[in-house]
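Subject: Structure handover and notes

Dear colleague,

Please find the structure below, followed by my notes on what was found in it. I would be glad if you read them with the structure open beside you.

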Amino acid sequence: MSETTSTREERKPPLNGRRALPPNNSNDEENEVPEVDPFGLIPRGFNPKDYLRVVDIYMFKEPHEINKQQHHTDKYYNPKLIVRRGQPFQIQIDFNRPYRPETDQFWLEYLMGRYPQQNKGTYIPIIVGNVLKPGEWGAKITHRENNSIRLSIMSSATCIIGKFRLYVAVWTPFAILRTHRNPATDTYILFNPWCQKDAVYLDDEKEREEYVLNDVGIVFHGNVEDIKSRSWSYGQFEENILDACLFLMDKAELELSGRGNPIKICRVASAVINSRDDNGVIAGSWNNSYDYGVAPSAWTGSVDILLEYYSSKQPVRYGQCWVFAGVFNTFLRCLGIPARLITNYSSAHDNNANLRLDFFLDDEGKVDTRLTKDSVWNYHCWNEAWMTRPDLPVGFGGWQVVDGTPQETSDGMYRCGPASVQAIKHGHVCFQFDAPFVYAEVNSDIIFSRMEKNGTQVIEKIDTTHIGQLIVTKEVGGDGMVEITEEYKFREGSDEERLALETAVMYGVKKQTTRDTTYQPQTDIDMDFQVQKAVLGNDFKVTITFRNRSRNSYTATTYLSGNIVFYTGVPKSEFKKHSFSAKLEPSSSSSFDVVIKSSEYMSDLLEQASFHFFVTARINETGKILAMQKATILEIPTLRIKTKGELVAGKEMSVIVEFTNPLKQTLENVTLRLEGPGVLRTIKKEFRSIPMNSTLTWEVKCIPMRPGLRKLIASLNCDALRHVYGELNVQIQKP
């Protein structure tokens, strides 16, 4: 006896004067539950075998059985029982003899964590009764036969989510007898968008199928003039992903008792998805060098990232916004919170949330990179999660912005949200969390200004429509794009938009007035420019057009600057400078072409083949400046995917990936990736070199597991060429 006592002593946590129990924030840790719990001294003749004893518990946990079918959890590649809260599920208990309700008494116990407590929702005793109340814990017997009983168990619609341990306890006159610890009876309880009492209830079945059950999605990228899309494999049902997602909440040290609340879960997850300040899942890198890691553009889905993090516990390198958003979406859908991935084109990254992005020009009208700190991202991806917001006034539930990309700190950590989309639209940015930041991302103005020699600031141009001009997501039930800009803002220039802005300013969004600086633009001349669509590795031209609406002749000293930029709008290098003098005749239009050669840009190209052009023109007669800026993206070649053999679940088939090198150079150290949820796990292959104009062919054999419409996704990656994708929809037949 003494030996066991001493080991117990050692295991006790250190005492802490503030709380009786240490924090309970690990779903993985367990406590020891006694199999015999005596009420006092046990008489000598007491034999537990004389009483009702549990021989076996049957969980109905196979994908084709009633529980997983009714709870929409049959797709999870996980042998244990997975149910959704607030909805009844069935189990069967086999005893050593028939159950006699008059004399026998038993109950169920669900436990979570190391220090289960009833008032924290981590210890749940369930007495068997006659009725089930919707959305409250309870159990009733639905069927009795020989030594077996069937139970219908209802979980609370607000219970914590995660993995519970199940014990059956039997009352005897001298002690409580419990079943021994059996991992096979562990039960995962998830959020339930099908249950009206759940905070994440979504009333449209098509939307539930998309936002909870669809395991592939589309990421829209590129820019407003040239929208590109690629598929992303969320893989929320793949093996070990559910455990990896629960581990993220342990990593974020979220108290178990808080895990029934989707607001808390989203807030801590937006911090733990990125590695800043908490060693979270993904390390971001925006500098085009990806040593000791995978380039963000090479990932084809979330599964590899989550599994690597779950096993190594170290941040996975590297991600950019769509990678953070893709993994976050997997996390949310896996736990049962409806979620979608959003792209905001021309997204403001504003360093001080003052609703203006300042671009400073020098005397020649060029952008002064030393002074200009703000940037416009070509696009930025975040997520929306669907939930009620009982912490806010009525009307602000529904879609909430959550963002795992580390941009600014919120309450001391890199995280963002949940912020109500409805609150952002109406300018009610006083409502938590981080609404002013998101409001600025979609509503800022761009202000071009120049310092005069005497120190006064002259505003040359104000662009109120460039930021947040298009916000999109994937359509429900298809691969198309649907615009949701109207959900974030009223129409530009409408009365409602002005009112929302005034509301946001009233609630503390900083809006500097432009009254204290002189602003008198040149109104009788319009300038615009167009960039020709071009394929990577080819020459293209930029056409600048002036329209002189006055009766005067003008000359314009025109300056074009071409920069290679990160998709975040931060320039890497200027590869083209070109200036010329343009003569503008009265009441007429004139155009000028500037040719961009591939040799000028290929050596410095960044992975998204993204350029940013500034055109500024000084009207010599008036000294006024016209300024304009546009981003453009080159066409990147794609991968071709085809299949060979019969497409039947359980039978071997071949997938063939082909790529032709279009560049005027050899590609070296090329990595190909291929994945398809339900068809094959991610496979990588390295190729030493692909000479110019030659074609690479890669054949992979696999055995698809799940019938139905599936998607194959491939990516190619090397230093000279990134963001090369291909995809194919395949219909896998039932055997």
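In strand β38, C702 is the bridge partner of M653, and β38 is joined by eight bridges to the antiparallel strand β35, residues 653-660; helices (H or I, at least four residues) and strands (E, at least two) are DSSP runs numbered from the N terminus, and two strands pair if DSSP finds at least two bridges between them. These two strands belong to an open sheet of three, in the order β34-β35-β38, with antiparallel pairing. Because β34 (640-644) and β38 (695-702) each have a single partner strand, they stand at the edges, and one side of each is left without a neighbour in the sheet. From one strand to the next the twist averages 20°, where axes are lines fitted to C-alpha atoms, for helices over the stretch in contact, and angles run from 0 to 180 degrees between N-to-C directions.

Please bear in mind that this is a predicted model, in which local features need pLDDT of at least 70 and side-chain atom pairs count only at pLDDT 80 or more, whereas totals for chains, interfaces and linings use all residues. Residues are numbered from 1 along each chain as its sequence is written, and side-chain values use heavy atoms, with hydrogens and water left out.

As to the whole, the protein has twelve helices and 40 strands, and its C-alpha atoms fill a box of roughly 115 × 60 × 50 Å, taken along the principal axes. Of the 735 residues, 56% are buried, where buried means under 20% relative accessible area, exposed over 50%, and partly exposed in between (1.4 Å probe, protein chains only).

The domain assignment gives domain 1 (36-190), domain 2 (205-507), domain 3 (525-633) and domain 4 (640-732), with bounds that come from an automatic or database domain assignment. Domain 1 and domain 2 have C-alpha centres 42 Å apart, and their contact (heavy atoms within 4.5 Å) takes 20 residues from domain 1 and 19 residues from domain 2. About 1,600 Å² is buried between domain 1 and domain 2, with 66% of that area given by carbon and sulfur atoms; buried area is the accessible area (1.4 Å probe) that two parts lose on being put together, summed over both. On the domain 1 side, Y76, Y77 and I161 supply 34% of the area buried against domain 2, more than any other three residues.

A second open sheet has six strands in the order β22-β19-β18-β16-β25-β26, again with antiparallel pairing. Its edge strands, each pairing on one side only, are β22 (416-420) and β26 (481-483), and the twist averages 30° from one strand to the next. Within this sheet, ten bridges join β16 (residues 339-349) to β18 (residues 375-387), and A339 stands opposite A385 in β18.

Two helices lie across strands of this sheet. Helix α7 lies across β16, β18 and β19 (398-403), running at about 5° to β18, while helix α9 (residues 435-443) lies across β16, β18, β19, β22 and β25 (470-474), at about 65° to β16. Eight of the nine residues of α9 are buried, so this helix is largely enclosed by the rest of the structure. In helix α7 (residues 321-335) you will find L335, which counts as buried at 0% relative accessibility. Leaving aside neighbours within four places in sequence, L335 is in contact with residues including I161, L190, F191 and C245; L335 and C245 are 90 residues apart in sequence but 7.6 Å apart in space, C-alpha to C-alpha.

S155, in the loop between β8 (148-154) and β9 (162-171), is likewise buried, with a relative accessible area of 0%. The S155 side chain reaches the backbone nitrogen of G86 at 2.9 Å, a polar contact being a pair of N or O atoms within 3.5 Å (within protein, one must be able to donate a hydrogen and the other to accept it, and residues adjacent in sequence count only if both atoms are side-chain atoms).

Finally, some backbone details deserve a look. Most residues other than glycine have a negative phi, and most peptide bonds are trans. The peptide bond from R317 to Y318 is cis, with omega near 5°, and another cis peptide bond joins Q432 and F433, with omega about 5°. Phi is positive at F60, near 50°, and at N693, about 65°; F60 is buried, with a relative accessible area of 9%, whereas N693 counts as exposed at 55% relative accessibility.

With kind regards
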